[in-house]
Amino acid sequence: MIELKNITKEFSTPRGRLTVLKDFNLKIEAGTFLGLEGKSGAGKSTLLSIISGLQKPDAGQVFLGQPPVNILTLNDKELSAFRNTNIGFVSQEQSFLENLTVLDNVRLPAYLAKKPNNVMLNTSTSSARRLFQHPSKEIPKQVRNDFDVKITERALNLLESLGIAGLAKSFPRELSGGENHRLLIVRALMNNPDYILADEPTNSVDAEQTQAIIKIFRRLADEGKTILLASHDKEALKLCDISMTVPGSDR
Ligand SMILES: Nc1ncnc2c1ncn2[C@@H]1O[C@H](COP(=O)(O)OP(=O)(O)OP(=O)(O)O)[C@@H](O)[C@H]1O
Ligand SMILES: [Mg+2]
C-alpha cells in the first residue's frame with residue numbers, strides 16, 4: 001500500500017517559487033499497476049522521487065507498507081535500508097559503477113541488503129542458467145557460497161528476462177542507451193522489492209523490448225507488487241490497471 005497525504009512540493013526557481021504538487025493525495029493498494037501521465041514538467045518524476053524517499057516534500061506524509069511506515073520519520077540510515085529492501089526505482093538519472101561488470105552491478109544491491117532469504121530463486125532451465133553453469137564462462141570461479149550462487153542465478157535470470165544476459169561480463173560503458181536502460185530495470189528488481197517505481201522505463205527501448213518490460217511489470221503486479229509507471233508512451237500506459245494524470249504546476 002502507498003498512501004500520500006496532503007503532499008506539497010515547491011521549488012525555488014529564477015522565475016520565483018514553483019508549486020509542483022499542492023495538497024496532493026493518493027492511495028494505491030498492493031498489487032496495483034498504476035500509470036502516471038501528465039505533461040512534461042507536471043511533476044511525475046518529483047512524485048516518484050518523493051515516494052521513494054529521495055526528495056522530501058515541504059508538507060504532507062508518505063506511508064508505505066502494511067503496517068504503514070511513514071518514511072518521512074525514518075533517519076537516513078533507516079531510510080536507505082528501507083529503500084534498498086522495499087523499493088526498486090528506475091530513473092534515467094541513475095548510473096552504474098563503471099569498474100564493475102554488468103553482472104556485478106546487478107548483484108550489488110543484494111550484497112548490500114545481505115538477506116539471503118529474500119532472494120527468490122527461479123529454478124527453471126534457462127539460457128541464463130546454462131551460462132551460469134558453463135565452465136568456460138568463468139562465472140562459477142567467482143562463486144564462493146550458496147548465497148553467491150542464488151544471487152548470481154537470480155541476477156542472470158533477470159538479465160535474461162530483459163534480453164541482456166549476453167552482456168553479463170561487459171562493462172556499463174559498453175552498453176547502448178536501451179541496454180543501459182534495461183540494466184537499470186534489472187538492478188531495480190534484484191532485491192525483489194514490493195514497490196517498483198519506474199520513470200519512463202521504455203524510453204530509448206524498441207517496441208519489442210517495451211512489450212517485454214511492460215509484461216514483466218504486469219506479471220509482478222499480478223504477484224502482488226505495486227508498480228508505478230510514469231510515461232508518455234500510450235502503448236505502455238494502456239497495459240496499466242489504471243492511470244492518473246499528475247495535474248501539473250501553477251505556472
Ligand atoms: N530541483 C529542482 N529545482 C527547481 N525546479 C525543479 C527541480 N526539480 C524539478 N523542478 C521543476 O518541477 C517541475 C516538475 O518536474 P518533474 O521532473 O517532476 O516533471 P515531469 O512530469 O517528470 O516531466 P517530464 O515528463 O518532462 O519528465 C518542472 O517544472 C521542473 O522544472
Ligand atoms: Mg520526468
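Modeller: Start with glutamine 55. Leaving aside residues up to four places away in sequence, glutamine 55 touches Thr46, Ser49 and Ile50. Touching means that two C-beta atoms, placed from the backbone, lie within 7 Å. This is a predicted model: local features need pLDDT of at least 70, side-chain atom pairs count only at pLDDT 80 or more, and totals for chains, interfaces and linings use all residues. Residues are numbered from 1 along each chain as its sequence is written, while chains are lettered from A and ligands numbered from 1 in the order in which they are written.

Glutamine 55 sits in the loop between α1 and β4. Helices (H or I, at least four residues) and strands (E, at least two) are DSSP runs, numbered from the N terminus. Glutamine 55 is partly exposed because 14 other C-beta atoms lie within 10 Å. The scale counts other C-beta atoms, placed from the backbone, within 10 Å of a residue's own: 20 or more is buried, 12 or fewer is exposed, and in between is partly exposed. Lysine 9 is 46 residues from glutamine 55 along the chain, yet their C-alpha atoms are separated by 9.5 Å.

Now the helix before that loop. α1 spans 44-51. Seven of its eight residues are buried. They are Lys44, Ser45, Thr46, Leu47, Leu48, Ile50 and Ile51. Their cover includes the strands β1, β2, β3 (33-37), β4 (59-64), β7 (195-199) and β8 (226-230). After α1 comes glycine 53, with a positive phi near 85°.

α1 also faces ligand 1. The shell around ligand 1 has 13 residues, and the closest are Phe11, Ser40, Lys44, Ser45 and Thr46. Near here means that a residue's C-beta atom, placed from the backbone, lies within 6 Å of the molecule. α1 gives the largest share of that shell, three residues. β1 (2-13) and β2 (16-28) each supply at least two. By class, the shell has four nonpolar, eight polar and one charged residues. Nonpolar covers Ala, Val, Leu, Ile, Met, Phe, Trp, Tyr, Cys and Pro; charged covers Asp, Glu, Lys and Arg; the others, Gly among them, are polar.

Asparagine 6 lies in β1. Its phi is positive, about 50°, although asparagine 6 is not a glycine. Aspartate 23 lies in β2. Its phi is also positive, near 45°. Aspartate 23 counts as exposed because it has 11 C-beta neighbours inside 10 Å.
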